[in-house]
Amino acid sequence: MPSQRISVKFGGASGQGINTIGVLLVRALKRDGQRVFAYREYPSLIKGGIASYQVDISNKEINSSSRYCNILLAFTPNSLNEYLKDVKENGIIVYDRKDINLTDEQKLYIEKKNISSIFLDSENIALEAGGIKIMSNIVVLGFLWRILESKLDILVSVVLRHFENKNVDLKAEENCVRAGYNSATFRPEYAKKIDKPKKEMFNNNNGYVMTGNNAIALGAISAGVRAYYAYPMTPSTSIFKYMGEHAKETGILVKQAENEITAVQMAMGSMYMGTRSLVATSGGGFDLMSETISCAGMSETPLVVILSQRTGAATGLPTWTGASDLNIALKAGHGEFPRVVIATSDAKSSYTLIQKAFNLAEIYQLPVILLMEKQISESIFNFKEMPRVEKIERGCIEKTEGEVQRYQITDTGISPRWIPSKDKKPYLANSDEHSQDGSSIEDSERTIAMANKRLKKLETLTKELPEPTLYGDKNPDLVFVSWGSVKNTVIDAIEADKDSRKVGYLHYEYISPLKTERLEELIATNKRLVLVENNQTGQLGNFIKENIGYEFKEKLLKYDGRPFFVEDILDFLKN
């Protein structure tokens, strides 16, 4: 069955409940047998501005957004002006404000594209149904559900479950859903205009839906994390929220520090004492953590830091997505020491890679930086099955014969490590350069020997890491190369365009240490390679050039705060 896709976009202002009805739509669609992906845009404001929530609906798994929508539900004149140009031919616009005055140009666009423009007096409908004005968004949701020709009881059940125990008039909520669904404004031709994907039910009510941040929190719990430290910073904050909401049932210590420096040092201290602990932040907070990352590298203390990226230097675009922090993840900190840099791409990889990050950190006794993006952290992914739980590997090496030294020089670069306790031999964890027993040193010979020992870990580790994965055609003419959320868009585009050309995608999860054998095979066979990155300078491409000297001749780069949409890749292939 070919892939089918439609998109629904809610547009309004922050504070109007755009996010709430978007989430409700996702849950209802999942219950109704559809596959979904949800993406939100919002300004750095508590109220006002222009915000949107887009839900892409398909008969197959999708993990990216379309640039356009089939149905636009606009709650403000500004949102209608902003998103009208995104409505596809034969689409539908629903607006709930009488004071929306379309320009002649907009009217011409609507006529040319055969778009149905519908005024729904949702506030009055909500009041007549026994609700309050804010429930007008639920009225609109009910009206949309009728256009999608889905069963009313499914939506009612989802709405009631969402609002239970929230000091909300549930009967009024239900009445507003039904009033919107049964509104006299509805016409049968509205539903016929949208060619809806066929439904495909899976077990567990059509799989799972969750954000990347929720998935990474669940993965951390599965990995045995017992403490979470953070200072709130978009887009990593909802990890903090999830951990806090589930602290009682999981028994995890959740602590808000006064700043990012304290948060990461508490995490490092906990890891030193044998407690798996996690810290998450964004670019500005990560800057403050760099000194502690250096300390973890020198003292060989396991440390895992989540860096969820947004756009720009300084404050930049704090609520928008990007992938421009790869350089700092690779280079942050003073001096030279081994580290691992891993990048998630979706909810499933977020769940598994956080578990692998802890195993690597403890086995190899080094800092691991796990990269996410706002696009991954806050988007909702729909997948069929939860990935398996990884085995917890602590990596503690406790020799019982002969003298054991904490920083003992070994063939692998991995020294004996044990958890400090009253029945174990104490050791000095020294942030100065040190000898094998942890004592500070300054002489040339032992300094070189200890620095070489630490870097030897990367030789051992590199042999065990997987090569990047090649998706799409197994003998492609053109290969996109990237990391992070770009994977989702390219794979969705390949699926949509698979009959017209042979296209592959080489995806990097493990970025440093860098594996290049599979890439070099593609280079050697003269494949057309295109670097695709959500940043301005092609940071992965630069890292590859630094390692093997290869420079990408073709680059597709995007750095406007938006993710790659499916059409970005399809347009490139057409041109």
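**Ground rules.** I number residues from 1 along each chain as its sequence is written, and I use heavy atoms for side-chain values, leaving out hydrogens and water. Because the model is predicted, I ask for pLDDT of at least 70 for local features and 80 or more for side-chain atom pairs, while totals for chains, interfaces and linings use all residues.

**Backbone, cis bonds.** I looked up the peptide bond from T234 to P235 and found it cis, with omega near 5°. P235 sits in the loop between β8 (227-230) and α11 (237-245); I take strands as DSSP E runs of at least two residues and helices as H or I runs of at least four, numbered from the N terminus. I also noted a cis bond joining S512 and P513, with omega about 0°. P513 belongs to the loop between β18 (510-512) and α20 (517-524).

**Backbone, positive phi.** N90 is not a glycine, yet its phi is positive at about 65°. I place N90 in strand β5 (residues 87-95). With 32% relative accessibility, N90 is partly exposed (buried is under 20% relative accessible area, exposed over 50%, partly exposed in between, with a 1.4 Å probe and protein chains only). A314, also not a glycine, has a positive phi near 50°. I find A314 in the loop between β11 (303-309) and α15 (326-331), and A314 is exposed at 75%.

**Cysteines.** How many disulfides did I count, taking sulfur pairs within 2.5 Å? The count is zero. I checked C176, which is buried at 0%, and C295, which is partly exposed at 25%.

Technical notes. A disulfide is a pair of cysteine sulfur atoms within 2.5 Å.
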